[in-house]
Amino acid sequence: MQAYRASILWFAPSQGPKVCAHWEDDGLLVVGTNAAGVQVVHAVGSYSSLIEDYPLVPVNHLHGRILAPGFVDMHIHYPQTNVIGSPADGLLPWLENYTFPEEKRFAEPEYSTQAARFFVDELFRNGVTTAMSFASSHHQSVDALFNEALSRRLRLITGLCLMDRNAPSELLNRAAPGNHLDSTEQSLVDSEALIQRWHGRGRLGYAITPRFAPTCSDAQLRGAGQLAEKYPDVWIQSHVAENKHEIAWARALFPASRSYLSTYADFGLMRPRAVYAHCIHLDEDDRYLMRETGAAAAVCPTSNLFLGSGFFDFEGADRVGYKYGLASDVGGGTSFSPFHTMLAAYYVAREGQTKTGLSLNPQHLWWQHTAGAAQALGLDGTGGKPWVGNLLPGCEADFVVLNPQATPLLARKTSLAANLDELLFAMVVLGDDRLVEQTIVA
Ligand SMILES: [Zn+2]
């Protein structure tokens, strides 16, 4: 066991839009190893009330620092690290001119390995301790990222990107030589083999990953839905309703479905642990479909602003009550930093389509990128499942050590904060990787 003395931020177990953050100015976080060999939180609270219960536990004194839950990034693409900041007119030309050419390089295992190492470094540098990431359509890229995450103890969910049409031929799923399966069947067999190799190993989870409906045939989506039924514990990740051209394309390809979103439901791909990136242009029936199926939205505000895709409707999501959390969506997103993502979410809620003048308060923003995102992923400890994104007893000990003095302006502004909201908002607006002094996992 060991303990950390600093200011501490965590969240009440009750979840939802009415977020309750806890703050302890002079706090103590006590962590220890559980039966599975993972470090978990034993106790959190004020130093004076807890220290007598742990007289023999060594204490790391982190004066002037803040401990906070590690961030949860619900949607990111590790093969797109090099694509960040690429100029394009919108989603479809951006895919064609930058993203697809880069993803082709992940056919090479060595390329995938070095990219995975840089990617995990960058997550940790920015305080991200749980990530749900796309890989490329090459199984080598999936193995490379899982291997790296396993050795670094990152809680990571990824999977083989499924696409059997409407993309460059080098990126389409391939049939194995000398095998009777066609490329679509092979992609499903490969996905199942990867589930068996990686899902539940260490802190890893598998996600069945149709890229988005337009790049998948009916047969591939149907097969993905059958896998999702066979492995209810495995995640599903995809994209939906990001951009109006994309929606028109999806509607033309799947005219029998009521909407783009319901295409996924029609193939058995909406259920708890299904995460859909963007969910910008949904109608009210779609919102209810999200709620009734237990699927979650990954809200990607820096990406949506960068590509001009639109504004996520926070008010609509809360009104209907479906699950969502924040995500970077690098390389469409412009930063690995959760602070940049939270600030962009604030802009989107302020300026978005609802025009209700809704403003996200800083505690709610922070919750959406930690405990709220973990809840949306099904990693909130219910049913004995792993618990991340918070610092309550029983949570895996994933946390960041923040230095509010990291820059002259941060030091000046945070010292003026009169309450928790002012302190958190100063960090949301002014923070980046410099604020994250250490990232500690499990
Ligand atoms: Zn994406």
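The views below show a predicted model.

View 1. Helix H9 covers residues 284-293, and its buried residues are Asp286, Arg287, Leu289 and Met290. An α-helix has 3.6 residues a turn, so residues three or four places apart point the same way. The cover over the buried residues of H9 includes helix H8 (260-266), strand E12 (296-299) and helix H11 (314-320).

**View 2. Strand E12 is buried on both of its sides**. Ala296 and Ala298 point one way from E12. Ala297 and Val299 point the other way. All four of these residues are buried. E12 pairs with strand E11 (residues 274-278) in the parallel sense, over 3 bridges. Alanine 277 has alanine 298 of E12 as its bridge partner. E12 also belongs to the cover over the buried residues of H9.

**View 3. Strand E4 pairs with E1 and with E14**. Strand E1 (residues 2-11) runs parallel to E4 (residues 59-69), and 5 bridges join the pair. Alanine 3 is bridged to valine 59 of E4. The pairing of E4 with strand E14 (residues 399-402) is antiparallel, with 4 bridges. Here leucine 67 has valine 401 of E14 as its bridge partner.

**View 4. Isoleucine 157 is buried in strand E7**. Strand E7 covers residues 155-158. Isoleucine 157 has 26 other C-beta atoms within 10 Å, and a residue needs 20 or more to count as buried, so isoleucine 157 qualifies. Leaving aside residues up to four places away in sequence, isoleucine 157 touches Met132, Gly205, Ala207 and Trp235. Alanine 345 is 188 residues from isoleucine 157 in sequence, and the two are 23 Å apart in space, C-alpha to C-alpha.

**View 5. Domain 1 meets domain 2**. Domain 1 is made of residues 2-69 + 389-440, and domain 2 of residues 71-357. Their centres, taken over C-alpha atoms, are 30 Å apart. Domain 1 gives 13 residues to the contact and domain 2 gives 15 residues. On the domain 1 side, helix H16 (420-430) and strand E15 (436-440) are the elements that give two or more residues. H16 gives the most, with 3 residues. By type, the domain 1 side holds 7 nonpolar, 3 polar and 3 charged residues.

**View 6. The whole chain, for orientation.** The protein has 16 helices and 15 strands. Its radius of gyration is 21 Å, close to the 22 Å that the globule rule gives for 442 residues, so the protein is as compact as a globular protein of that length. The C-alpha trace spans about 65 × 50 × 40 Å along its principal axes. Of the 442 residues, 54% are buried. Among contacts with a separation of 6 or more, 72% are between residues 24 or more positions apart.

Terms used
Residues numbered from 1 in each chain as written. Predicted model: local features only at pLDDT ≥ 70, side-chain atom pairs only at ≥ 80, totals over all residues. Domains from an automatic or database assignment. Contact = placed C-beta atoms within 7 Å. Nonpolar A, V, L, I, M, F, W, Y, C, P; charged D, E, K, R; others polar. Buried ≥ 20, exposed ≤ 12 C-beta atoms within 10 Å, placed from the backbone. Rg over C-alpha atoms; globule rule 2.2 N^0.38 Å. Pairing = 2+ DSSP bridges.
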